[in-house]
Amino acid sequence: MAQLPAELRRIIVFAGINAIERLAYEQFETHLLCLDRPDDVEALKGVMAEEKFHLNYVEAELERRQRGENGGFVATALEQARARFQEFQDVRRRETRTAAERIFDGATPGEDRS
């Protein structure tokens, strides 16, 4: 990446930020549905407002760049960043699910449960 021009590096970084911030915001939406205490709801809504600000800034900047000479590069960077971070999140979810099953099922790591 260091060999790319500064503008392309910036696009790649912003595409990564966009993918991370979007996943975080979507996860916060899910968490918000699980909360009952008004203080918790308000605190999380405050965090979400900040995340939304970040997301809006990055998305507006990427949209500007997409209308320019590097439009195709922006589209590809966004697509790749979203796919890679989604893969990462899917792996983390599987790992978490497996760990939770071990804890709640009383199984020990490496134990054959068949």
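Which residue forms a salt bridge with E61, and how many Å apart are the closest N and O atoms?

## The E61–R10 pair

The partner is R10, and the closest N and O atoms of this salt bridge sit 2.8 Å apart. Keep in mind that we're looking at a predicted model here.

How exposed are the two ends? E61 counts as buried because its relative accessible area is 6%, under the 20% cut-off. R10, on the other hand, comes out as partly exposed, at 29% relative accessibility.

## E61 again, this time with R64

E61 also meets the side chain of R64 in a salt bridge, with an N to O distance of 2.5 Å. This one stays inside helix α2: E61 and R64 are 3 residues apart, or about one turn of the helix. R64 is partly exposed, its relative accessible area being 40%.

For the model as a whole, the count comes to 8 salt bridges.

## D39 and R37

Another salt bridge joins the side chains of D39 and R37, at 4.0 Å from N to O. That value is worth a second look, since the rule asks for a nitrogen within 4 Å of a carboxyl oxygen. As for D39, its relative accessible area is 56%, so the residue is classed as exposed.

Technical notes
Residues are numbered from 1 along each chain as its sequence is written. This is a predicted model: local features need pLDDT of at least 70, side-chain atom pairs count only at pLDDT 80 or more; totals for chains, interfaces and linings use all residues. Side-chain values use heavy atoms; hydrogens and water are left out. Buried means under 20% relative accessible area, exposed over 50%, partly exposed in between (1.4 Å probe, protein chains only). Helices (H or I, at least four residues) and strands (E, at least two) are DSSP runs, numbered from the N terminus.
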